[in-house]
Amino acid sequence: MRTPLFDQHLAIGGRMVEFAGWEMPIQYSGILHEHKAVREACGVFDISHMGEFFVSGIGATAWLDGLLTNNLNALPLGHAQYTILLNERGGVIDDLIAYRLEEEKYFLIVNASKIPEDSAWLSQHAVPGVIFEDRSNDFAALAIQGPQAATVFEKLFQRPMPAERNRVEEIESGRSFIATTGYTGEAGFEWVMPANEATTAWQAALHAGATPCGLGARDTLRLEMCYPLNGSDLSPDRTPLEAGLGFFVDLKKPAFTGRDALLAQKASIFPHKLCALRVLDKAPPVRPHYKVYVNGEPVTETTSGALSPSLGYGIAMAYLPPAYSDIGQMVDIEVRDRRFRAQVVKKPFYKKP
Amino acid sequence: MNIPENLRYATSHEWILVEGDTGTVGITDHAQAELTDIVFAEPPAIGKSLKAGDVAAVVESVKAASDIYAPVSGEVIERNEAIEADPSLLNTDPFGAGWIFKIRIADAAELASLKDAAAYREQIGA
C-alpha cells in the first residue's frame, strides 16, 4: 500500500521500505541528520499509514471505557489520551491515542499494522446506538515535531500553536484535525487531513522549514523516550503492567476487557518487566531479538535496540524476569557471538537538556 | 558518484589500492551511500589471514549490519583505528580517511579478477 505522499517521498530521495504492508520512507537525507533535526529544530513525518477511527453516539464513552484501559470519563473535551486495547488475557492488541471531540464523539489514531485487527475487534464488540467507523483510507496525516514546531505551526496556520500538550482541535468538522501529540518526546503536533489535501500540506510543511523525516528517525526518537512500539515491545502475550504502562491503566474502572487478568497478575509477581538497558561497552548497535544474559545464563531477548543518536551509546528494551529487573542490574547482550555489558536504567533514556 | 581510476573493485563494493605487494582496502562511495549513516566499524585484527571473499570486517549503519569482504587473499598488516573512533569517516571519505585495512597480497594474480573503474561504473549503473 502507498500513502498519498508516495510520489512526494520519491521526489526528495526517500528510500522506501516495506512497513506493515506499506511502502514508507525509512530516510531521506540520513537517519542521524533527521533525528537531530527533530531534537534541535523541526521534522515532519508522513504518518498517513496510521489508522483513523471514529466512535460516536449515545453511550460511546461507556463503550470505549469498557474496551480501553485508560479512563475516558476523566478526559476533558478537546483532549487526547494514550490508552491500550487489550484481549481477554490482558495482552496488548494495540496502543492508541483517543481524542475526545465531543461528549460522545471520539477520534482514535491506531497503529498501521493493527488497523484490520483493531477494526475487527471493535466491530465484534459493537453495541446498539454506538457508531464505529474505520475511516483510515479517507485520511492522510503528518507529525510535525521538534522545538521549532511552534514556528512551523504559525507559518502554516497564521496563529500560535496550542501551548498545552495532548489537545485536539477540529479545523473543519469531521475533515481535519490538529493535535499536540507525538511520538518523539519533542513539542509538536499531528495534523490529520483528507487524503487529497496531503500533498499541499506536506509541501507547506517543508516550505515552513520542517525537515522531512522517515521511519528510521521515528524509531530512534521514540526508543530514546522508551515509547513502546507495538509488535516489538508490546504483544498479545504481554500485559501493559509488564510493559510498564500501568499509568495508562485505570484498574478502578468497574470493568474493561482484560481487567480481571490484570488484577490477577497484580496480585501475584509479574512474570516479566519491560526494562530499559543502557549498553556500557563500546559495542555494535544492539537490535531487536538479540539475546540477553544474566550471570552467563540466557534470560530473554531485546525487543528494540539502537545506537542512540542523541546519547552516543547503545540502548535497548527487553522483558526481564522480576529477579533481574531492578535499576542497576547488570546484564550482557550478545551481538554476533560476543557479549557486551549493559545495565538496567531508569526510563526514559533521553531527557531534554 | 566518485569512482577513482587508480583502484580495483570487487563486485561486493570494496576497493583496493595496490602499492607493491600491499593493498589498502575500503568500501566504495556507492556502498557508503547505500549503507547510509555508518555508526560502527570493526576492522580486522592485524595478522589475520584472509582468503579472497572471506568476511574481513563489519560495518553497521543505524538500520543494518553489513559484511565487508577481502577482495584478495593475504595477511592483514594494518587496521584503520580511526574508523573505530569515528565510523562516519566511511561516509565522508570512503576512498581516503575511511580506509578499513591493509593486506599483504598473497597472490597478485587474483587482482586480475577484480574490476577496473569502468567495469565497476557499469556494474552500479553510474
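This is a predicted model: local features need pLDDT of at least 70, side-chain atom pairs count only at pLDDT 80 or more; totals for chains, interfaces and linings use all residues.
**View 1. An open sheet in chain B.** Six strands of chain B make up an open sheet, ordered E1-E2-E3-E9-E8-E5, and their pairing is antiparallel. Strands here are DSSP runs of at least two residues, helices are H or I runs of at least four, and both are numbered from the N terminus; two strands pair if DSSP finds at least two bridges between them. At the edges stand strand E1 (8-9) and strand E5 (49-50) of chain B, each pairing on one side only. Further in, look for strand E3 (residues 22-27) and strand E9 (residues 101-105) of chain B, an antiparallel pair with four bridges.

Residues are numbered from 1 along each chain as its sequence is written, and chains are lettered from A and ligands numbered from 1 in the order in which they are written.

**View 2. A five-strand sheet in chain A.** This open sheet of chain A runs in the order E5-E6-E7-E4-E8 with antiparallel pairing. Strand E5 (80-86) and strand E8 (131-134) of chain A are the edges; each has a single partner strand, so one side of each lacks a neighbour in the sheet. On average, neighbouring strands of this sheet are turned by 25° against each other, direction ignored (axes are lines fitted to C-alpha atoms, and angles run from 0 to 180 degrees between N-to-C directions). Seven bridges link E5(A) to strand E6 (residues 92-102) of chain A in the antiparallel sense, and A:Thr83 has A:Leu96 as its bridge partner in E6(A).

View 3. Strand E10 (residues 168-172) and strand E11 (residues 176-179) of chain A run antiparallel, joined by four bridges.

View 4. Ten of the ten residues of helix H7 (residues 215-224) of chain A are buried, so the helix is largely enclosed by the rest of the structure. Buried means 20 or more other C-beta atoms within 10 Å of a residue's own, exposed means 12 or fewer, and partly exposed is in between, with C-beta atoms placed from the backbone. Just after H7(A), A:Cys226 has a positive phi of about 60°. A:Cys226 is also among the contacts of A:Pro348, together with A:Gly185, A:Glu224 and A:Met225, leaving aside neighbours within four places in sequence; contact means C-beta atoms, placed from the backbone, within 7 Å. A:Pro348 sits in the segment after strand E19 (338-345) of chain A and counts as partly exposed, with 15 C-beta neighbours inside 10 Å.

**View 5. Where the chains meet.** Eight residues of chain B are in contact with eleven residues of chain A.

How values were computed: Two residues are in contact if their C-beta atoms, placed from the backbone, lie within 7 Å.
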